[in-house]
Amino acid sequence: MDLTLDDDARRHLALFEDVTGADGIDCLFEDDTDGEPTDDRLIVVVSSGQMGEAIGTEGRTIQQYEERVDASVRLVEDADDPEEFVANTLAPAAVYNVTISENEDIVAYVEVAEDDRGVAIGTNGRTIEAARRLADRHFDISDVQLI
């Protein structure tokens with residue numbers, strides 16, 4: 001799927017790559033409780049295998065980036081496999097299984113540890129909503145459901 005980035009996203013990713021040395025694939029601001037993008041919580045999709053580089057020793061690298069963009073940053077590792085990508089969007093929740101159902105719509109059904117349901121949903125549903133947006137952007141998955 002071809003991903004189209006706006007100018008702000010390209011600027012954020014260029015700065016991310018400059019500060020961290022890791023490749024950024026995508027970025028977007030999390031939605032607030034009204035469904036409107038905020039400017040204080042940025043999600044960056046990082047190339048597979050480059051999370052350590054993006055975070056840096058003791059988290060210093062990502063902290064430098066957060067200071068530069070004046071926002072809290074959540075990192076998601078990219079994946080070629082849609083099931084793995086959806087699981088990554090819900091980290092650090094323990095995901096046991098992701099099943100993609102392709103009927104009228106494409107839906108990812110995600111089995112998470114009972115103790116991690118709150119983590120997968122996130123405060124005011126932010127994490128699951130971000131997972132839905134990213135899954136749609138990267139794999140045309142129209143919904144992500146916890147089971």
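**Reading loops, backbone angles and a pocket**

Guide: Let us begin with a loop: proline 92 is found in the loop between helix H4 (82–89) and strand E4 (95–102). Helices (H or I, at least four residues) and strands (E, at least two) are DSSP runs, numbered from the N terminus. The model is predicted, so local features need pLDDT of at least 70 and side-chain atom pairs count only at pLDDT 80 or more, while totals for chains, interfaces and linings use all residues. Residues are numbered from 1 along each chain as its sequence is written, and side-chain values use heavy atoms, with hydrogens and water left out.

Visitor: What kind of peptide bond joins alanine 91 and proline 92?

Guide: Most residues other than glycine have a negative phi, and most peptide bonds are trans. Here the bond joining alanine 91 and proline 92 is cis, with omega about 15°.

Visitor: Which loop holds glutamate 58, and what is its phi?

Guide: Glutamate 58 is in the loop between helix H2 (51–55) and helix H3 (60–69). Its phi is near 55°, a positive value in a residue other than glycine. Asparagine 124, in the loop between helix H5 (117–121) and helix H6 (126–139), has a positive phi of about 55° although it is not a glycine.

Visitor: Is glutamate 58 buried or exposed?

Guide: Buried means under 20% relative accessible area, exposed over 50%, and partly exposed in between (1.4 Å probe, protein chains only). Glutamate 58 counts as exposed because its relative accessible area is 66%; asparagine 124, with 57%, is exposed as well. Alanine 22 counts as buried because its relative accessibility is 0%.

Visitor: Which residues does alanine 22 touch?

Guide: Contact means heavy atoms within 4.5 Å. Not counting residues up to four places away in sequence, alanine 22 touches Phe16, Glu17, Val46, Gln50, Glu53 and Ala54. Alanine 22 itself sits in the loop between helix H1 (7–20) and strand E1 (24–31).

Visitor: How much space lies in the largest pocket?

Guide: Rolling a probe the size of a water molecule over the atoms shows where empty space is left. On a 1 Å grid over the protein atoms alone, a pocket is an open set of points where a 1.4 Å probe fits, with protein on both sides within 12 Å along at least five of seven lines; lining residues have an atom within 4 Å of a point. Grid points are joined across faces, edges and corners, and a volume is the space filled by probe spheres set on the points. The largest pocket holds about 190 Å³. Twelve residues line the largest pocket, and the closest to its centre are Asp6, Ala9, Cys27, Leu28 and Phe29.
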